[in-house]
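These are my notebook entries on a structure that is new to me. I begin by placing the sequence and the model on the page.

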Amino acid sequence: MWREYSSGYLKNNRAAAVSVMTAAFISSLLLSLLSSLFYNMWKYEVERLRAEGDQYALMAMYLVRDANDEAPRLVFPFFLLVMALASFSLILIIHNAFAVTMQARVHQFGILSSIGATPKQIRTCLLQEAAVLCAAPVLIGTLLGIAGSRGLLALAERLVREVEGRRAIAFGYHPLIFLFTLTATAITMYISAWLPARKLSVMTPLEAIRNNRERQPKRMGHSFLLSLFFGMEGELAGNALKVQRRALRTASVSLLFSMTAFTLMQCFFTLSEISTRETYFEKYQDAWDIMVTVKDTGIGSFGKTDELRRIPGVENVVVYQKAETKLCVTKEELSEELQANGGFSHDSGKYVRQEGERFWVSAPIIIMDDAAFLEYCGQIGVSKRTDGAVIRNLIRDVTNPDFRHPEYMPYINDCRTTVLLAQTGSAAMEMPDSDRTAGVERQAPDVGTDVKMQLSDGAETIEIPVLACTETVPVLREEYATDDKYELVHFMPASLWKEIEGKAGGAEKDTCVRILCREGVGLEELEMIQGEIEKSLAGAYTIESENRIREYETNDRKMQGMMLVFGSFCVLLALIGVGNVFSNTFGFVRQRRREFARYLSVGMTPGELRRMFCIEAFVLVCRPMLWAAAVAVFSVGAMLKASYMEPAEFLMEAPFGSIAAFVLAVGGAVALAYYLSWRRMRGINLAEVLRDDTMM
């Protein structure tokens, strides 16, 4: 009997069945997509660790391992937590789809209860109907989720295929993930259907038979804004939305979250793109075309500089290495501007160490090949010599937190003849007197006193000449004094560094090669030159190279890939909300016929009722849109303040178009749901509806 009853109901109430099937499809699609993506993220990390030979980290990635070290039996705990949260959220969101269809049958269940149907039988009937309706959508949604994750990974691989040093992203899947996804979806659907089914099954026959399906708001309110802008139809639309508040909760929450998340995502990535472009690509677009990192090679061991300069298309080459040392300065040596600004008093001791009247600060060294250093000396107007260093005599005003528009001042007073560089190691180096008088010191006859200090940690000090203190730095893709604002940067030729390297120490293990090509060079020509450079260095050195244009395009692709992933989840949230609108508008068609018949009986026209429907759809979309706009304005204001970006600069590139397209797409879907519902209601028979006291 129950089978015939359910079959007949589903055939005659296809709209209610479609709403449940839509909820099941979206739920299975989301859970399958999450499962597949997380599994492939886990698989990618395992393959990376295997390639690197990190066995301890690899063992930590497995909860249970196959005997042959192949695919995992379980995924990591974080994935389980995300799946649990996703399932819980879906239960909260989609159980209304089941509740709406079940609530419409309260009167029927009351009659069945009065002739002997037990609560268990009613509950079982409802759950069996849910299982029949959900079986096919769950399977299809799961398969489409797998296909969707494969497509997203393929797109991600395409977007980041130019990134150096990365592993290829290969899609993978495991049968246990499929079973796990089906189980999680089935549990989610069961709980979502069981909650309203249990509530209905415990109603007494009298309560069910007497149940008035035409809902009324608990208290009538006055919708001031709606009545102000739309008149009587606005007032009625506001009351109708209050009646449907619980039924439309899923739509309200889903649309609010989707619009807010999409708006914030678009604003964040736009702001990030502007910031990256200004502080990196535009700032250094004239400083480099190709960068090569020569691994585990010091500048003294690199012998391909002249060969690189002879490559067709190359106009300028600078080979340089970086080193970290310490410098001792006194208060009197600081510039008047710096002393007036508080000197080193703003440092907490993290970057500047005081010993009596002396201050030890970081003194990074940029060691340049001799030819490039001599060219740099000519640019700043000093004699071209290789027996001294050039100091970047600038320090940022640390009292001004605006890193986007920094203010600078001179660091030290008149340039000194010598500057003291200290080895950063903790152990002192023993230097014989013959070594102490060799190299740089003998090349500086104008130095009066041989200054030699012993630091408290035992590190040696050495003495070198200073050729100039300047605000102009070489054309390199380097940032100075970013974290440590008190760095005093030095530029030094490779020949001088070779003489003092054993005393100063602190050099990094890699060497950098900065290459400039002709102005206006295109990507194709730049990649040809990059290929010639790699060919020239192949075999002799281990290198990594990148070019400016490809790097910019890769950054854009990364941004697009992240926006695609986050945007997909925003679309899924919106689909859940739109699906709830469809199920609600279709499920309440019968309930609202009596309401509309009453309005028609007191003189309202079908056109006015249609306008009332339009106002409901408008409010349903406009309300989350306004909340999302308010949150976005507040959040973007905070981000602009934190990044010190001018609002006008952001507004010129603000993603109004994409946000408007998303809102219009959601609004169009909601409008379609109300239009289809109106088409089913506009042909109602007024006399029949008013005569039938049980008509919904």
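How many salt bridges does the structure hold? I counted 19 salt bridges in the structure, a salt bridge being a side-chain nitrogen of Lys or Arg within 4 Å of a carboxyl oxygen of Asp or Glu. Side chains of opposite charge can pair when their charged atoms come close.

I note that this is a predicted model, in which local features need pLDDT of at least 70, side-chain atom pairs count only at pLDDT 80 or more, and totals for chains, interfaces and linings use all residues. Residues are numbered from 1 along each chain as its sequence is written, and side-chain values use heavy atoms, with hydrogens and water left out.

Entry on R277 and E653. I looked up the salt bridge between R277 and E653, where the closest N and O atoms are 2.6 Å apart. This pair links distant parts of the chain, since R277 belongs to helix α10 (residues 249-281) and E653 to helix α20 (residues 647-653), 376 residues apart. Helices (H or I, at least four residues) and strands (E, at least two) are DSSP runs, numbered from the N terminus. R277 is buried at a relative accessible area of 14%, whereas E653 is partly exposed at 35%. Here buried means under 20% relative accessible area, exposed over 50%, and partly exposed in between (1.4 Å probe, protein chains only).

Entry on K295 and E544. I found a salt bridge between K295 and E544, with the closest N and O atoms 3.8 Å apart. K295 lies in the loop between β1 (290-294) and α11 (305-309) and E544 lies in strand β14 (residues 543-547), so the pair ties together parts that are 249 residues apart in sequence. K295 is partly exposed at 26% relative accessibility, and E544 is partly exposed at 43%.

Entry on K304 and E307. I recorded a salt bridge between K304 and E307, the closest N and O atoms being 3.3 Å apart. K304 is buried, with a relative accessible area of 19%, while E307 is partly exposed at 30%. I also noted that R277, E282 and E653 are joined into one network by salt bridges that share partners.

Entry on the surface. Which residues form a nonpolar patch on the surface? I found I187, Y190, I191, W194 and L195 in this patch, with about 440 Å² of accessible area together. Patches are made of residues with over 30% relative accessible area and no salt bridge; like charges are joined within 9 Å and nonpolar side chains (Val, Leu, Ile, Met, Phe, Trp, Tyr) within 5 Å. Accessible areas come from the Shrake-Rupley method with a 1.4 Å probe, and for residues only the protein chains shown count as cover. L195 lies in helix α7 (residues 175-201) and is partly exposed at 38%.
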